[in-house]
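I opened the model to look up a few local features. My notes follow the structure.

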Amino acid sequence: NINEIGSVSSILCARDGSIWIGDYYSGLIRIKKNKTVRFMKEADNPNSISDNYITALCEDKDGNIWIGTFASGLNMYNIKTNKFERIGVKSGSKHGLSSNFITALCPDRKGNLFIGTTNGLNVLDLSTNEISSYKNNPSYTNSISGNNILSIYCDSEDNIWLAIEGKGVNLFDSKKKSFTKVYIESKTDLTGEEKNIVVIYEDSNKNFWFGTSTNGVIKWKKNS
């Protein structure tokens, strides 16, 4: 019952017209052709969702639904098998995450899934299932600025933008595998870090909009 949905964390409208809703406490809900289904963790079923605390949702080019959880890693709902596949931390493995605490999900147009966590950025190659992890390294100039990723955005040119807690915005260079800190200037005297940017969006005129947790919304033009 849609009226029983409690604290909503994320909403996704899939290409097939279905609506997916992530609940902070009560699992994943799918609404399709006026039929509502709730997916919950089943203790003895490894093909069920791994956690009922949903934090992020996205859809890949094949129509599979990716689900981030608060403490139990990443899930993929396979639309062909109607089963969940789980990805978590695996020490020393190319197929493991840097953290099971997922904060953000974003696919690019090259077949990668960007996964924000509380312990760095993970990039999943959807063709090989290999994962590259990036964490802050103070001795490396082009390192990611911090490890707690708040949101990820893929713009019209397939650039990946990251909002990082307390560290402002980073732009990821997929060819060089490096990060550039983006200095957001606005009418306030606040720096990018102090603005506490938590969400990023680009409009049809290529203006960027940065939502902050304490200082409203900032409209910004790249290279302006």
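**Ground rules.** The model is predicted; I read local features at pLDDT of at least 70 and side-chain atom pairs at pLDDT 80 or more, while totals for chains, interfaces and linings use all residues. Residues are numbered from 1 along each chain as its sequence is written, and side-chain values use heavy atoms, with hydrogens and water left out.

**Positive phi.** I looked up Lys 33 and found phi near 50°, a positive value in a residue other than glycine. Lys 33 sits in the loop between β3 (28-32) and β4 (35-39). Strands here are DSSP runs of E, at least two residues, numbered from the N terminus. Is Lys 33 buried or exposed? Lys 33 counts as exposed, because its relative accessibility is 77%. The cut-offs are under 20% relative accessible area for buried, over 50% for exposed and partly exposed in between, with a 1.4 Å probe and protein chains only.

Asp 158 also went on my list. Its phi is near 70°, again positive in a residue other than glycine. I find Asp 158 in the loop between β13 (149-154) and β14 (160-164). Asp 158 is buried, because its relative accessible area is 13%.

**Asn 112.** This residue belongs to strand β10 (residues 112-117). Asn 112 counts as buried, because its relative accessibility is 16%. What does Asn 112 touch, not counting residues up to four places away in sequence? I list Cys 106, Pro 107, Val 123, Leu 124, Asp 125 and Leu 126. A contact means heavy atoms within 4.5 Å.

**Aromatic rings.** My search of the whole structure gives 21 aromatic pairs. Rings of Phe, Tyr and Trp (its six-membered ring) pair if their centres lie within 6.5 Å. Ring pairs join Tyr 24, Tyr 25, Tyr 53, Phe 70 and Phe 101 into a cluster.

**Largest pocket.** I get about 280 Å³ of space in the largest pocket. A pocket is an open set of points on a 1 Å grid over the protein atoms alone, where a 1.4 Å probe fits, with protein on both sides within 12 Å along at least five of seven lines; lining residues have an atom within 4 Å of a point. The lining has 19 residues, with Trp 66, Met 76, Leu 124, Leu 126 and Asn 129 nearest the centre. The elements giving two or more residues to this lining are β8 (83-87) and β11 (120-125). β8 gives the most, with 3 residues.

Technical notes:
Helix = DSSP H or I, 4+ residues; strand = E, 2+ residues; numbered from the N terminus. Phe/Tyr/Trp six-rings, centres within 6.5 Å; stacked < 30°, edge-to-face > 60°. Points joined across faces, edges and corners; volume = space filled by probe spheres on them.
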